[in-house]
Amino acid sequence: MKRPTILVLGAGYGGLTTVVNLQKFVNVNEAEIILVNKNDYHYETTWLHEVGAGTISPDKARYPISTVINQNVTFVKANVESIDVNLKKVETSSGEFTYDYLVIGLGFEGETFGIPGLKDHALSLTNINTARQVREHIEYQFASWTLDDIKDDSKLTIIVGGAGFTGIEFLGELGNRIPELCREFDIPQEKVRLLCVEAAPTVLPGFDSELVDYAKAQLTKKGVEFSIGTPIVEATEEGVKIKKGDEDVEFIKAGTVVWAAGVRGNALVESSGIESHRARIAVRGDMRSPDFEDVFVAGDCAFLLNEETGRPYPPTAQIAMQQGVIIAKNIKHLMYGEPTEQFVYDDKGAVCSLGDNDAIGTAFGRKFTGKRASALKKVVDDRALYLVGGVGLTVKKGKFKFL
Ligand code: FAD
Ligand code: NAD
């Protein structure tokens, strides 16, 4: 009998966790496991704010996929170009693939909500290369300021759009990096402006208000200014327009604009033949797509409702990894004609870093701030490495500066 083919698209938290669990549960005689990813490395999306600010190198935040897969898995470095679940076909830059079971784990894209100019003029922390671009762009602006005879201080203004977890974590890193950059480029620090622009009436909307106050105060000490309740309505080559009140629109000139104001699923989902909203597929309880018995969706391409609150679970690495485990189990169940298991989210809390030495978080029913929260964040980051690559990967790539 022909071995079934399990095709996994994307080696992010969802896809890679599916594969490392499949290789434990399914041996090479039982199924062919193919993993397709556009790079031959996995990057830690959850560390991109550090890469973008330049507080860690891009290499620190990535590792070769070959170090965590075994001979049960065929890895294909290719760009997925289209998915057709009706024809069971996936087109890639390395040819066409078919499958018996498909796992879509292609991650997220920045959501610009159709705001004019953002796609062309704002940078983002979406993958390792966009994060690298943010770092290099800031350094370029600082270097060109030093070379200019007539100084334009707006080159030293960095605007971060969105005060969700991504925006706040990035500002925390920048707060630590800017003094170093100023020393490197001989720039008086008071010339640098770090501005966070948030549409909602508060930063980190929905998060614990006491922790939010702490975060705001700590970032303010690091020189971050906040413009709250003032959505960005346009980006231009020179900066952004923000809406203040019903009529008033203010233009702020800036050398760097980083858009961190929300995410959607990978656009390839929208032409796959499966219904989606903002490129996210409302999955069934066992992580399968509606209508297609052989298609699973992991991570930020999946939309899952929290039955208790009636609100969707936020797209996070934590949930993507938990989904990867259940998807691997359920594929094995389907192979043997067994009933599938339901995904039950085990919410372990949330920690938002404010730079390498500070953070806020909730876990174990408690609130954490400062060095303790920062240590907790590093434990969370190390745990993600451990779950995919064991002790070896954790020792090689982990974060161990706890004090
Ligand atoms: P990803 O991890 O984004 O992986 C998608 C993979 O698909 C990538 O390897 C990509 O290269 C590949 N891919 C994409 N398109 C193609 C294509 N066309 N062809 C081939 N391959 C392709 N969540 C937390 O739980 N905790 C945190 O602390 C946290 N911090 C974050 C910090 C930042 C700065 C950001 C931006 C997000 C953070 N998140 C955090 C959210 C978390 O990173 C995402 O929810 C998570 O990465 C989603 O996992 P995923 O597997 O769906 O996608
Ligand atoms: P988000 O959707 O959580 O936050 C985006 C923010 O941008 C919101 O506060 C929103 O009000 C604001 N915004 C929207 N439109 C705007 C506009 N026009 N102008 C100004 N502000 C605007 O997005 P995110 O922060 O990128 O996070 C994405 C996902 O990743 C979330 O699920 C988050 O929990 C997760 N994440 C988690 C961590 C962590 O656990 N440490 C870190 C980063 C991201």
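Domain bounds here come from an automatic or database domain assignment. The structure is a predicted model, in which local features need pLDDT of at least 70 and side-chain atom pairs count only at pLDDT 80 or more, while totals for chains, interfaces and linings use all residues. Residues are numbered from 1 along each chain as its sequence is written, chains are lettered from A and ligands numbered from 1 in the order in which they are written, and side-chain values use heavy atoms, with hydrogens and water left out.

**View 1. Ligand 1 lies between domain 1 and domain 2.** Domain 1 (5-38 + 78-110 + 263-347) and domain 2 (112-261 + 348-403) both give residues to its shell, so ligand 1 lies between them. The shell has 32 residues, with Gly14, Val80, Asp300, Ala317 and Lys377 the closest; a residue is near a molecule if one of its heavy atoms lies within 4 Å of it. Helix 1 (13-25), helix 5 and helix 7 (317-335) each supply at least two shell residues, and helix 7 gives the largest share, 3 residues. Helices (H or I, at least four residues) and strands (E, at least two) are DSSP runs, numbered from the N terminus.

View 2. A polar contact with a ligand is a pair of N or O atoms within 3.5 Å. Backbone N or O atoms take part at Lys38, 3.1 Å from a ligand nitrogen atom, and at Ala317, 2.9 Å from a ligand oxygen atom.

View 3. Oxygen atoms of ligand 2 lie 2.5 Å from an N or O atom in the Glu198 side chain, 2.9 Å from a polar backbone atom of Pro315 and 3.1 Å from a backbone N or O atom of Phe165. Of the 850 Å² of accessible area that ligand 2 has on its own, the protein covers 76%.

**View 4. Helix 8 is kinked at Gly389.** The kink is about 135° and is centred on Gly389, the bend being the angle between axes fitted to the seven residues ending there and the seven starting there. Helix 8 (residues 370-397) has 28 residues, but its end C-alpha atoms are only 23 Å apart. A straight helix would reach 40 Å at 1.5 Å a residue, the expected span being 1.5 Å times one less than the number of residues.

Methods. A polar contact is a pair of N or O atoms within 3.5 Å; within protein, one must be able to donate a hydrogen and the other to accept it, and residues adjacent in sequence count only if both atoms are side-chain atoms. Accessible areas come from the Shrake-Rupley method with a 1.4 Å probe; for residues, only the protein chains shown count as cover.
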